[in-house]
Amino acid sequence: MNFSSLRTAIIFLKNAQISSKRGFSTKIQGCDLKAFERTPEIMEQSGRNSQNFSLKKPKTRESALPDLPLIIFFKHFGQILKENSFYPTIFVEIYSKPYSPSTSYHLMLQKKIRWILLSSLTLNLFSCVKEQKTAFDLSGLYRASIEITTDEVPFFLNLKKSGEKWAAEILNGDEVLNYDEVYVEGDSIRIVMGIFDAEIKAKMMENGTLHGVFVKNFSSGYSIPFFAEKGELPRFPTTQTPEFDFSGKWKTVFDDGNGKSYEAIALFEQKGNKLTGTFLTKLGDYRFLEGNVEGNMFYLSAFDGSHVYYFEGRAENNGSISGKFRSGPKYQETFVAERNETFELPDAYSMNYLKEGFDKFTFTFPDVDGKMVSLEDEQFKNKVVLVQLFGTWCPNCMDETKFLAEWYKKNKSKGVEIIALAFETKADFDYASERVRKTKERMGAEYTFLIAGESNKEKALEALPALNQIIAFPTLIYLDKSGQVKKIHTGFNGPGTGGHYHRWVEEHENLIKELLLEP
């Protein structure tokens, strides 16, 4: 990856050891830092001052590392190379003397700060890490991570080659996601994230690491740092043995900080310092989460090619959990949880229904080729019909589609049909139909797919005015042979929820049997 247009400021603390969060080296190898030295006056001349930097005090807790980290936050003030269009934030964690309340925090920093390293970097950022120019075995397992400001979201990446074709696997807990659009040219690799309009672009470095970005092509400016190191490394490195067992079922309340909160169920399984599980909400789940336990803290993450999830929790003295949740580079919530084996979420069949005055559910939308298709068409008459509200950008939708694709192949001869109504990230028909066509082919889904509109829930409701609300993608609507709505299932709990998923499959099968038996 080329950062040749980036100008940034780096503070070098004298006699400090530079490392990244929880022990991983920042890989500044072979760099002569003195070559970049500048006096503090340079920062003043450039118009920078202390208020442009955000300094976070280290958190004080019993399980903290012996040397508390000071996370120094630097924002760039230049323009990144257009081909990458990504605006990074650089974080360097300095292990220094423990913070003392009796010492002025800012005084301590001022005494530590020795040099301001300021460069326009018209050559590559950290150019002392050379791009790979010699043969390197790219195949193998990597600990990869996506940086979301102060936190990193690690996952396991497996690169494989068969003949001349490359493939990739992303591993989260028990889930293995396969990607066959992997392109290697020289020292560059590009991994297209399957059905999602996203990709990883990276360079192979001389030391065998991969440096690059994760990009969502449909979202302008969404490009965040990616790094991968080869080897069987822990997902989250730890220095302490677990002091708490997080296994079990937890009633959880998330808070977005703006007055909105919602309930969820946390399901955790802990073996040693390894933790797996997920969070279920009334609208869906956070899929397969995997991580580690250190002291009284846990760290969980998942990356599915689209969504970037990070969870961090701490066991309190009363046995409860408090923590934070991050989705992507900006969104953040806090949560609290307490053990509760009997807590359940609202009935998924109770949240959606037809408005008063609507006795039937109807629509007409174009298919991927532009042909208009209506629920009143002959192919759907006298059949049990499932209408799926979904989007190709939605991981829970993909879990549901994966199930329905196989289920339809086995049951279509019994007199059932499925119509998927796609609500996509762009209103452009050509873009939407391309995404839907790719999803249909990748999933092996043989049922009908229609382009219904944008992923905005308010606009989706305008397209389907008979519904009281649209609060979740996916939503599955069950119609009997006469076209009457019998049930509506809001959200989807996928395979990562274990027993909850299997119970839904059983409910689904029983409901279809009942509808098929009706005259």
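Two strands pair if DSSP finds at least two bridges between them; strands (E, at least two residues) and helices (H or I, at least four) are DSSP runs, numbered from the N terminus. This is a predicted model, where local features need pLDDT of at least 70, side-chain atom pairs count only at pLDDT 80 or more, and totals for chains, interfaces and linings use all residues. Residues are numbered from 1 along each chain as its sequence is written, and side-chain values use heavy atoms, with hydrogens and water left out.

**Exercise 1.** Find the order of the strands in the open sheet of five, and say which strands stand at the edges.

*Solution.* Start with the order, which reads E29-E28-E27-E30-E31, with mixed pairing. Next, look at the ends: E29 (448-454) and E31 (485-490) each have a single partner strand, so one side of each is left without a neighbour in the sheet.

**Exercise 2.** Work out how E30 and E31 pair.

*Solution.* Strand E30 (residues 475-479) joins E31 in the antiparallel sense, over five bridges. Now pick out Ile-477: its opposite in E31 is Ile-488.

**Exercise 3.** Name the strands that helix H6 touches.

*Solution.* Contact means heavy atoms within 4.5 Å. Helix H6 (residues 499-517) packs on the sheet and touches E27, E28, E30 and E31.

**Exercise 4.** Locate the disulfide and decide whether its cysteines are buried or exposed.

*Solution.* A disulfide is a pair of cysteine sulfur atoms within 2.5 Å. Cys-394 and Cys-397 form one, with their sulfur atoms 2.5 Å apart. Finally, check burial (buried is under 20% relative accessible area, exposed over 50%, partly exposed in between; 1.4 Å probe, protein chains only): Cys-394 and Cys-397 are both buried.

Methods
Axes are lines fitted to C-alpha atoms, for helices over the stretch in contact, and angles run from 0 to 180 degrees between N-to-C directions.
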